[in-house]
Each structure stands twice: as structure tokens, then as C-alpha cells.
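Please keep the sequence and the 3D view open while you read, and check each point against them.

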Amino acid sequence: MTEKLQKTAITPATHTAPPAKFSHGVKKGNILQVAGQVGFGPAVPGQAPAPVGPGLREQTLQTLRNVQSVLEEGGASWEDVVMVRIYLTDTGHFAELNEIYNEFFADLKEVPAARTTVYVGLPAGLLIEIDALAVLG
């Protein structure tokens, strides 16, 4: 009989509690799924989360840092990521997103991961959401 792997919720101290019953990340065995992260700044007790700014650049960089925080809290890094999904609210942001993404990962030895980009509706003020799947080991 195989032993059942434990599932562990991951919530960095820099993140506010999710608005519904889910985790910022979940680790099971050597798999770490990072839930969709947005461009909210670090959590401030007693304050609702808010986007770091109105522009795509600042929101994308903060979103990538938020994904990275969950990866690190779960014992992973961008080197462990095998899939990134990006959700944009405006098709006109695709080229700018690629520039920001390439800059962010410029020092990575390997291409960070497979990637999918889709267009969606997000809550007011949010321009981007990113999730990631990492395989550790």
C-alpha cells in the first residue's frame, strides 16, 4: 500500500489571506502549484490589498515577485518552474508584457518554463494575474 502524500498550504508572510477558501500555493510531494497572483503590494495589517500602481510594468513586476515569494516559501525557485500561465486584461499589453518578462528573467540560465497567455476579466484596477507550476528535485 502506498503512503498518501501530505498536501501543505503555502502562504508567505508578505501576502494577505485569500478572499475565498484557497491557498496562495499548495505543495504535495515534489509538486508546488502557485495560485494566481496579482500585483498587490506586501500585506499591511488592517488594510485591504491594493495594486502597486496603475501601469502594466509595476503590476507585472510585483506579480512576478509575489509568485516568487510563494515559490520560495514552498522551497522552490524559478529554476523549478515548468509552467507559467499569464492572464491579461488587454490584448494591447502583450508586447509590453514580453519585454518586462524577458527583463525579469534575463539572468536565468534556462528558459523559465512553458508559458500560456490568455485574456480575461479581472477585478477593477488589476491588469495581470500569473500562476505557476513547479516540480522540485
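**Notes on the predicted model**

1. The chain exposes about 7,800 Å², and carbon and sulfur atoms supply 56% of this area; accessible areas come from the Shrake-Rupley method with a 1.4 Å probe, and for residues only the protein chains shown count as cover. This is a predicted model, in which local features need pLDDT of at least 70 and side-chain atom pairs count only at pLDDT 80 or more, while totals for chains, interfaces and linings use all residues. Residues are numbered from 1 along each chain as its sequence is written, and side-chain values use heavy atoms, with hydrogens and water left out.

2. Two helices and six strands make up the elements of the chain, and from the N terminus on they run β-β-β-α-β-α-β-β. Here helices (H or I, at least four residues) and strands (E, at least two) are DSSP runs, numbered from the N terminus.

3. For overall size, the C-alpha trace spans about 50 × 40 × 25 Å along its principal axes. A compact globule of 137 residues would have a radius of gyration near 14 Å, and the 15 Å of the chain agrees with that; the radius is taken over C-alpha atoms, and the globule rule is 2.2 Å times the number of residues to the power 0.38.

4. Of the 137 residues, 35% count as buried, where buried means under 20% relative accessible area, exposed means over 50%, and partly exposed lies in between (1.4 Å probe, protein chains only). Among contacts between residues at least 6 apart in sequence, 70% join residues at least 24 apart, a contact being heavy atoms within 4.5 Å.

5. By contact with side chains, Q37 makes a polar contact of 2.9 Å with H15 and another of 3.4 Å with H24. A polar contact is a pair of N or O atoms within 3.5 Å; within protein, one must be able to donate a hydrogen and the other to accept it, and residues adjacent in sequence count only if both atoms are side-chain atoms.

6. Leaving aside neighbours within four places in sequence, the contacts of H24 include I10, P12, H15, Q33, Q37 and V70.

7. A polar atom of the N66 side chain lies 2.8 Å from the backbone oxygen of V38, and the contacts of N66 beyond four places in sequence are H15, Q37, V38, G39 and F40.

8. Is T91 buried or exposed? T91, in the loop between β4 (81-88) and α2 (94-104), counts as exposed because its relative accessibility is 56%. T91 and V118 are 27 residues apart in sequence and 8.8 Å apart in space, C-alpha to C-alpha.
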